[in-house]
Amino acid sequence: MADFTEIWSYLAGDPLIWLAATLIAYVIADAASSRMGRPAWVNPVLIAVVLLGALLWLSDTSYDTYFEGAQFVHFLLGPATVALAIPLWHQRHAFRRALLPVMAALLAGSLTAILSALAIGHALGLSPQLLATLAPKSTTAPVALGISESLGGSPTLTAVLVIVTGIIGALVVTPLMNVLKIRDWRARGFATGVAAHGIGTARALQVHPQAGAFAGIGMALNALLTALLAPWALGLFPR
Amino acid sequence: MIHALTLILACQLAGETLTRLMGWPVPGPVLGMALLFALMLASPRIAALVIPTGEGILRHLSLLFVPAGVGVVGHVQMLGTQGAVILLALVLSTVLALAVGAGVFVIVARLTGAREDG
């Protein structure tokens, strides 16, 4: 029988173990969320991330090693984004009827996301570089990185802020909308996609199919609008 | 399933190619989504082909954010001494953007008669 450390040193360098660990952590997190009736504060992404973060720390594994296995899951983000056409297609009639509210909410939500973050950061003394890093945080990661870089921010830190924003959005949206007494699934979903991109969309899909479809559109449209608005918005906050 | 996956990847590939070719500020997969939507509108056969596989991928969309999320754990110290300020800006601005976005949607829907059930 082989020594445990021998097996471990083989497995630790193999993509299989971290791919399996990612799925196991998610299955545990999703089961917890499902069993508790999918409350907003039991977010499967957050739980799985915490479990895996602890595991990497305990086993002294680098993120690069982890990602060699996890990249197969990460890769599916692209095809999944394409597949968001499907909920949109199911809701195509509802979407056509809601064109005006969609455009108005897109402009209002996108402006609020960018300007409020910059105003708070500026008032509390963040450097111009950090403001540029912060500006695109509500939009989907690939777009946000490009914007951050072109404005002189740090793309790596922007990636972190984008994910944290998505998790915040997924955690607060349900209680917030309930407090505001907004019951329109289109409005709830769309605002979530605009403010909290794909992670918000994943939450919306869990809650209601119409919310999920409108969240997908919100995310897509805000990717475009943030690219146009962010450079102008940053100019409003001189050093 | 393989046909559906091929179609989805082809849409993504077309989106990536087009957005780079034109220098557009849109990610390839988002353009791919628009392309797949147009194809589904044009052909009910394509829609029927792609739905089961596509919905299978979307059923666990949360899972797909986990690898990137784990990357955040290692970068928390990048926030440095400004971490609390940045977190405050993120929380407040996300709450505001959600409230304003949904509020404007509901008000404009009411004004234009774009009813949920209509």
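Residues are numbered from 1 along each chain as its sequence is written, while chains are lettered from A and ligands numbered from 1 in the order in which they are written. In this predicted model, local features need pLDDT of at least 70, side-chain atom pairs count only at pLDDT 80 or more, and totals for chains, interfaces and linings use all residues.

**Exercise 1. Confidence**

Find the mean pLDDT of chain B, and the elements of chain B with the lowest and highest mean.

Step 1. pLDDT is the predictor's confidence in each residue, from 0 to 100. For chain B the mean is 90, and 96% of the residues reach 70 or more.

Step 2. Now go element by element.

Step 3. For the complex, the predictor gives an ipTM of 0.91 and a pTM of 0.89.

**Exercise 2. Two chains, two builds**

Step 1. Helices (H or I, at least four residues) and strands (E, at least two) are DSSP runs, numbered from the N terminus.

Step 2. The C-alpha trace of chain A spans about 70 × 45 × 30 Å along its principal axes.

Step 3. Check burial too. A residue is buried if 20 or more other C-beta atoms lie within 10 Å of its own, exposed if 12 or fewer, and partly exposed in between, with C-beta atoms placed from the backbone. In chain A, 56% of the residues count as buried; in chain B, 40% do.

**Exercise 3. Where the chains meet**

How many residues does each chain give to the contact, and which helix of chain A gives the largest share?

Step 1. Two residues are in contact if their C-beta atoms, placed from the backbone, lie within 7 Å. Chain A gives 90 residues and chain B gives 66.

Step 2. On the chain A side, helix H12 (residues 185–207) gives the largest share, 14 residues.

Step 3. Sort that side by class: 65 residues are nonpolar, 19 polar and 6 charged. Here Ala, Val, Leu, Ile, Met, Phe, Trp, Tyr, Cys and Pro count as nonpolar, Asp, Glu, Lys and Arg as charged, and the others, Gly among them, as polar.

**Exercise 4. One helix pair**

Work out how helix H4 (residues 63–75) of chain A packs with H5(B).

Step 1. The two helices pack at an angle of about 155°, with their axes 8 Å apart. Axes are lines fitted to C-alpha atoms, for helices over the stretch in contact, and angles run from 0 to 180 degrees between N-to-C directions.

Step 2. That makes H4(A) roughly antiparallel to H5(B). (Angles under 35 degrees count as roughly parallel, over 145 as roughly antiparallel, 65 to 115 as roughly perpendicular and the rest as oblique.)

Step 3. Among the residues that meet are Tyr63(A) and Phe67(A) in H4(A), and Val66(B) and Gly74(B) in H5(B). This contact has 9 nonpolar, 4 polar and no charged residues.

Step 4. Look at burial in H5(B): the buried residues include Val66(B), Pro67(B) and Gly69(B).
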